[in-house]
Amino acid sequence: MDLYRKPAKTEKRRRRNPISKFVFVVSVICWLLFVVTLVYIGMAMPQRPTIFDPKGIYTTARTYWDTEMISNAFASLNITLAMSLIGLALNAIRMKRASDKINPSLLFMTVLSLTGILIIYFNFNF
């Protein structure tokens, strides 16, 4: 019998905190918005002739970027940046224990959306 042994610490958290659930939901929404942004950019890119019409006889390919789709992608990136910053702020508020960590997905989305905003802003002169 060991008299100097300390009792094991019990975990007091039984289920996920509402803040951590909200951070997870924000992370998923940010990823969905980023996929939407990629779709907008894919639709805005200049078109190339296809293998079925290589010389463009039947259809003419658009050779310029669609600015309306680029503006939609810009708005989507701004919303993604705002939501990821809100999620990071809530995650920082939530970090009270040593086992709590910053959500790497939100950090990644912040960097990606900020980079995309800067690329669009400087290349398309909004």
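This report describes the nonpolar core, the aromatic pairs and one loop of a predicted model.

## Basis of the values

Local features require pLDDT of at least 70 and side-chain atom pairs pLDDT 80 or more, whereas totals for chains, interfaces and linings use all residues. Residues are numbered from 1 along each chain as its sequence is written, and side-chain values use heavy atoms, without hydrogens and water.

## Nonpolar core

A nonpolar core is a set of buried Ala, Val, Leu, Ile, Met, Phe, Trp, Tyr and Cys residues joined through side-chain atoms within 4.5 Å; buried means under 20% relative accessible area, exposed over 50% and partly exposed in between (1.4 Å probe, protein chains only). In the largest such core, which has 16 residues, Cys30, Leu77, Leu106, Ile117 and Ile120 touch the most other members. Helix 1, helix 2 and helix 3 (104–124) each supply at least two residues of this core, and its largest share, seven residues, comes from helix 2. Helices are DSSP runs (H or I, at least four residues), numbered from the N terminus.

## Aromatic pairs

Rings of Phe, Tyr and Trp (its six-membered ring) pair if their centres lie within 6.5 Å; planes under 30 degrees apart count as stacked, over 60 as edge-to-face and the rest as tilted. By this rule there are four aromatic pairs. Trp65 and Phe124 form an edge-to-face pair, because their ring centres are 5.5 Å apart and their planes stand at 70°. Trp65 belongs to the loop between helix 1 and helix 2 and Phe124 to helix 3, 59 residues apart. Trp65 is partly exposed at 34% relative accessibility, as is Phe124 at 28%.

## Loop residue Arg48

Arg48 lies in the loop between helix 1 (18–44) and helix 2 (67–94) and is exposed, at 70% relative accessibility. Its C-alpha atom is separated by 7.5 Å from that of Arg62, 14 residues away along the chain.
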